[in-house]
Every structure is written in structure tokens, then in C-alpha cells.
Amino acid sequence: MIQDQEVLAAEMERTFIAIKPDGVQRGLISEIITRFERKGFKLVGIKIMVPSNGFAQKHYHGLKERPFFNGLCNFLSSGPVVAMVWEGEGVIRYGRKLIGTDPQKSEPGTIRGDLAVVLGRNVIHGSDGPETAKDEISLWFKPEELVSYTNNAEKWIYGQN
Ligand code: UDP
């Protein structure tokens, strides 16, 4: 018989979220973490690091033909980044909703809408789909750096009580 916990685990997905150097320098780490946490998503990995330029290029490899690629990689490697993995039902897509898009077009209530003004300094990155999430998580984290655990609030968040 499949246990409730296994069913729950099967539905869970993970996404990669990074607070970029501007978000760290502006003191927005706790503000950003709070938005994911209070929604009901679960933090399963976190670290702070200064990525090298080469590492930033790997992270943004899909954008290497874009004119802003070099500037973007220089920026991402210009200071500490908080790298995180968040878990939850629909976290990839909903994480992007929490983030918003272009700061000028994002609704108030979104992270970029509330906390950023221009495209090039938009404080946060979030994976844009399941494949990207998988690739980005494995680029930034070793498997043993991710923690699988049951949060006591889950039965209240997902209604398994
Ligand atoms: N970016 C930029 N100038 C642009 C477009 C994008 O500096 O004209 C930066 C911005 O930091 C953005 C990142 O490149 O977050 C990746 O671009 P993408 O289109 O993938 O946006 P995102 O998925 O981050 O919303």
C-alpha cells in the first residue's frame, strides 16, 4: 500500500532560486525568503557564495547569444549570491509568479514589482521550467547539500490531516 507520505513526495517538485548580488547588498535576503516560506513552500537547500564568471556563464548558458550576456555574467559574479532550492507542489511555476517579470511590468505584490526598478537589477532568479530547474539545481548543489524532511506544517498546507 502506498503511504500518504510517498504520494505527497511524488507530487513535490523543486526549483532553483537565487538572490542576486543586488538583492544581497540591499538587505533583501530575509524579505525574499519570507515570501516563499509564508506561501507554504519548503526550503531544502541554501548557501551563500560568490560565483566565478565561468560559473555564471554556465548558469546562463542558454542566453549566450544575447547582447546582455557578458554584462549579466559579470553582474552575477560581482558579489555574494544566496542560492536556494525550494520544494512544494507547483513551486516552479508559482515561484515565477512570486518573482514577477520585468520590474517595470510586474504587479505590486510580486518580488520584482515591489523590490526592483530595472531589468538588469531585478534581485532574484528562478528556474523557468522543470528541465531548467533540474539542471540549475545540479549545477549549484551537490545532492548531499539538499535535505529531505517533513515539515510539521505540511499536513495543514496540503490537507493530509
Ligand atoms: N536581463 C538583462 N537585460 C535584458 C534582459 C534580461 O540584464 O534585456 C537579465 C535579467 O537579470 C534577467 C536575466 O538577464 O533576470 C535572465 O533573463 P531572462 O529573460 O531569462 O529573465 P528571467 O527568467 O530572469 O525573468
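In the predicted model, a backbone N or O atom of Leu 119 is placed 3.5 Å from an oxygen atom of the ligand. For Lys 20, an N or O atom of the side chain is 2.9 Å from a ligand oxygen atom. For Arg 112, the corresponding distance between a side-chain N or O atom and an oxygen atom of the ligand is 2.8 Å. The ligand taken alone exposes 500 Å², of which the protein buries 72%.

Besides Lys 20, Arg 112 and Leu 119, the residues around the ligand are Tyr 60, Leu 63, Phe 68, Leu 72, Arg 96, Gly 120 and Asn 122. By class, this shell consists of five nonpolar, two polar and three charged residues.

The site of the ligand is the largest pocket, which holds about 770 Å³ of space. The lining of this pocket comprises 28 residues, and those closest to the pocket centre are Tyr 60, Leu 63, Phe 68, Leu 72 and His 125. Four elements each contribute two or more residues to the lining: helix H4 (53-59), helix H5 (69-76), strand S4 (124-126) and helix H8 (130-140). The greatest contribution comes from H8, with four residues. Sorted by class, the lining of the largest pocket contains seven nonpolar, 11 polar and 10 charged residues.

Note on methods:
Residues are numbered from 1 along each chain as its sequence is written. This is a predicted model: local features need pLDDT of at least 70, side-chain atom pairs count only at pLDDT 80 or more; totals for chains, interfaces and linings use all residues. Side-chain values use heavy atoms; hydrogens and water are left out. A residue is near a molecule or strand if one of its heavy atoms lies within 4 Å of it. A polar contact is a pair of N or O atoms within 3.5 Å; within protein, one must be able to donate a hydrogen and the other to accept it, and residues adjacent in sequence count only if both atoms are side-chain atoms. Accessible areas come from the Shrake-Rupley method with a 1.4 Å probe; for residues, only the protein chains shown count as cover. On a 1 Å grid over the protein atoms alone, a cavity is a set of points where a 1.4 Å probe fits but cannot get out, and a pocket is an open set with protein on both sides within 12 Å along at least five of seven lines; lining residues have an atom within 4 Å of a point. A molecule sits in a cavity or pocket if more than half of its atoms lie within 2 Å of its grid points. Ala, Val, Leu, Ile, Met, Phe, Trp, Tyr, Cys and Pro count as nonpolar, Asp, Glu, Lys and Arg as charged, and the others, Gly among them, as polar. Grid points are joined across faces, edges and corners, and a volume is the space filled by probe spheres set on the points.
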